[in-house]
Amino acid sequence: MTDLRSTLFVGNLSVFCTERDIQQIFEPFGHIVEIRMAKSEDENKHLSYGFVKFSNVASAQLAMHDLNGVILCGRPLKYD
């Protein structure tokens, strides 16, 4: 069974932010299983949030603690 605490909701993403940008900033905290960025209905642009799933809870908690408010693509990251 997957522990949902290993998945972070990441808010306030720039529409110009890519999955690679997210991967680069989060990968120092642990193995990333999946990155999902919310997309508009026509899938032409990303919305301002996404999800980063780590292989364990400790990595997710460390990333959330250390990256909250860090600027990525011109906007501060926020977690809920």
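Two strands count as paired when DSSP finds at least two bridges between them. E1 and E6 pair in the antiparallel sense over two bridges. That pairing belongs to a predicted model.

## Overall shape

The protein holds two helices and six strands. Read along the sequence, they follow the pattern β-α-β-β-α-β-β-β. The C-alpha trace spans about 35 × 30 × 20 Å along its principal axes.

How does the radius of gyration of the protein agree with that of a compact globule? With 80 residues, a compact globule would have a radius of gyration near 12 Å. The protein has 12 Å, so the two agree. Buried residues make up 35% of the 80 residues. Now take the contacts in the protein with a separation of 6 or more: residues 24 or more positions apart account for 61% of them.

## The sheet

Four strands form an open sheet. Their order is E2-E3-E1-E6, and the pairing is antiparallel. E2 and E6 (78-79) stand at the edges. Each has a single partner strand, so one side of each is left without a neighbour in the sheet.

Now take the pairs inside the sheet. E2 and E3 pair in the antiparallel sense over six bridges. In this pair, Arg-36 stands opposite Phe-51 in E3. E1 (residues 7-11) and E3 pair in the antiparallel sense over five bridges. Gly-11 has Tyr-49 as its bridge partner in E3. Gly-11 also stands opposite Lys-78 in E6. In a regular strand, side chains alternate between the two faces of the sheet.

## Helix and core

Helix H1 covers residues 19-26. H1 lies across E1, E2, E3 and E6, and it runs at about 140° to E2.

In soluble globular proteins, nonpolar side chains tend to be buried together. Here the largest nonpolar core has 19 residues. Which of them touch the most other members? They are Leu-8, Val-10, Ile-22, Phe-26, Phe-54, Leu-67 and Leu-77. E1, H1, E2, E3 and helix H2 (57-67) each supply at least two residues of this core.

Leaving out residues up to four places away in sequence, Val-10 touches Phe-26, Ser-48, Tyr-49, Gly-50, Val-52, Leu-77, Lys-78 and Tyr-79.

## A salt bridge

Side chains of opposite charge can pair when their charged atoms come close. How many salt bridges does the count come to? The count comes to one salt bridge. The side chains of Glu-34 and Arg-36 meet in it, at 3.6 Å from N to O.

Are these side chains buried or partly exposed? Buried means under 20% relative accessible area, and exposed means over 50%. Glu-34 has 34% relative accessibility, so it counts as partly exposed. Arg-36 has 41% relative accessibility, so it also counts as partly exposed.

## Loops

Three loop residues deserve a look. Ser-40 is found in the loop between strand E2 (32-39) and strand E3 (46-54). Its relative accessible area is 16%, so Ser-40 is buried. Ser-40 touches Lys-45 and Leu-47, not counting residues up to four places away in sequence.

Asn-12 sits in the loop between E1 and H1. Its phi is near 70°, a positive value in a residue other than glycine. Asn-12 has a relative accessible area of 19%, so it is buried. Cys-73 lies in the loop between strand E4 (71-72) and strand E5 (75-76). Phi of Cys-73 is near 55°, again a positive value in a residue other than glycine. At 35% relative accessible area, Cys-73 is partly exposed.

## The start of the chain

Leu-4 lies in the segment before E1. Is Leu-4 buried or exposed? At 69% relative accessibility, Leu-4 counts as exposed. Leu-4 and Lys-53 are 49 residues apart along the chain, and their C-alpha atoms are separated by 8.6 Å.

Key
Residues are numbered from 1 along each chain as its sequence is written. Side-chain values use heavy atoms; hydrogens and water are left out. Buried means under 20% relative accessible area, exposed over 50%, partly exposed in between (1.4 Å probe, protein chains only). Contact means heavy atoms within 4.5 Å. A salt bridge is a side-chain nitrogen of Lys or Arg within 4 Å of a carboxyl oxygen of Asp or Glu. Axes are lines fitted to C-alpha atoms, for helices over the stretch in contact, and angles run from 0 to 180 degrees between N-to-C directions. A nonpolar core is a set of buried Ala, Val, Leu, Ile, Met, Phe, Trp, Tyr and Cys residues joined through side-chain atoms within 4.5 Å. The radius of gyration is taken over C-alpha atoms; the globule rule is 2.2 Å times the number of residues to the power 0.38.
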